[in-house]
Amino acid sequence: MAIERTFSMIKPDATRRNLTGKIVDRLESAGLRVVAQKRIRITRAQAEAFYGVHRERPFFGELVETMTAGPVVVQVLEGENAILKNREVMGATDPSKAEPGTIRKDFAVSIGENSAHGSDGPDTAKQEIAFFFSESEITG
Ligand code: ATP
Ligand code: MG
């Protein structure tokens, strides 16, 4: 299995509750390496563009509100099978359906405030990394 990179984001509901370290621990314990990381506030325009695929969904307005309600931590994760591994460690979108021991089961508030984002495939990983990081910010 090749070494892969994926994009990860610790969402405002988690930074607000001081859970950044606990979430990073889950990622690192699963064998993922944080090769780039920054804590930022995303603008409304950035949130709308980042989640543009969901523009027509009924929860889009709420999604943009929650993603801009506080700081986020954006990350590039690296490891074997990193995209799928990160999705497994996060658990299902709806925390009530997530497996025990996953980030969303243990930390999420609701389906909207679900503590973490992870890219869902190689193409989105590449796009989402480039959305927030320049190549020189990814240190390995
Ligand atoms: P993410 O893209 O954030 O990693 P995901 O891929 O598990 O999550 P998506 O279907 O891409 O889930 O939805 C993107 C985000 O939109 C979810 O993480 C969640 O915050 C929000 N969302 C999805 N479905 C709902 C819903 N029914 N009600 C409220 N918010 C929702
Ligand atoms: Mg998604």
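Asn 114 is buried, at a relative accessible area of 2%. This is a predicted model, so every value I give is computed from it. As for its place in the chain, Asn 114 belongs to the loop that runs between helix H6, residues 103-107, and E4. Its side chain makes a polar contact with the side chain of Lys 11, at 2.7 Å. Both residues come up again at the ligand: Lys 11 and Asn 114 are among the residues that come nearest to ligand 1.

Now the ligand itself. Which residues come nearest to ligand 1? Out of 14 around it, they are Lys 11, Tyr 51, Thr 93, Asn 114 and His 117. Sorted by class, the shell holds four nonpolar, six polar and four charged residues.

On to the polar pairs. A polar atom in the side chain of His 117 is 2.7 Å from an oxygen atom of ligand 1. For His 54, an N or O atom of the side chain lies 3.0 Å from an oxygen atom of the ligand. Gly 112 takes part through its backbone, where a polar atom is 3.0 Å from an oxygen atom of ligand 1. How much of the ligand does the protein bury? Taken alone, ligand 1 exposes 570 Å², and the protein buries 81% of that. The site is the largest pocket, and ligand 1 sits in it. Two elements give two or more residues each to the shell, namely helix H4, residues 60-67, and strand E4, residues 116-118.

Ser 115 lies in the loop between H6 and E4, as Asn 114 does. Is Ser 115 buried or exposed? Ser 115 is buried, with a relative accessible area of 0%. Its phi is near 70°, which is positive, and the residue is not a glycine. Most residues other than glycine have a negative phi.

There is another case of this kind. Asn 81 has a phi near 60°, again a positive value in a residue other than glycine. Asn 81 is placed in the loop between E3 and helix H5, residues 82-90. With 27% relative accessibility, Asn 81 counts as partly exposed, whereas Ser 115 is buried.

Next, Thr 68. Where is Thr 68 found? It is in the loop between H4 and strand E3, the latter being residues 72-80. Thr 68 counts as buried because its relative accessible area is 16%, and the cut-off for buried is under 20%. From Thr 68 to Glu 48 the separation is 20 residues in sequence and 10.0 Å in space, C-alpha to C-alpha.

Two more residues, with C-alpha distances for each. Lys 85 is part of helix H5 and is partly exposed, at a relative accessible area of 26%. Between Lys 85 and Pro 58 there are 29 Å from C-alpha to C-alpha, with the two residues 27 apart along the chain. Arg 57 is in the loop between helix H3, residues 44-50, and H4. Its relative accessible area is 41%, so Arg 57 is partly exposed. The C-alpha atoms of Arg 57 and Phe 131 are 22 Å apart, for a separation of 74 residues along the chain.

How values were computed
Residues are numbered from 1 along each chain as its sequence is written. Chains are lettered from A and ligands numbered from 1 in the order in which they are written. This is a predicted model: local features need pLDDT of at least 70, side-chain atom pairs count only at pLDDT 80 or more; totals for chains, interfaces and linings use all residues. Side-chain values use heavy atoms; hydrogens and water are left out. A residue is near a molecule or strand if one of its heavy atoms lies within 4 Å of it. A polar contact is a pair of N or O atoms within 3.5 Å; within protein, one must be able to donate a hydrogen and the other to accept it, and residues adjacent in sequence count only if both atoms are side-chain atoms. Accessible areas come from the Shrake-Rupley method with a 1.4 Å probe; for residues, only the protein chains shown count as cover. On a 1 Å grid over the protein atoms alone, a cavity is a set of points where a 1.4 Å probe fits but cannot get out, and a pocket is an open set with protein on both sides within 12 Å along at least five of seven lines; lining residues have an atom within 4 Å of a point. A molecule sits in a cavity or pocket if more than half of its atoms lie within 2 Å of its grid points. Helices (H or I, at least four residues) and strands (E, at least two) are DSSP runs, numbered from the N terminus. Ala, Val, Leu, Ile, Met, Phe, Trp, Tyr, Cys and Pro count as nonpolar, Asp, Glu, Lys and Arg as charged, and the others, Gly among them, as polar. Buried means under 20% relative accessible area, exposed over 50%, partly exposed in between (1.4 Å probe, protein chains only).
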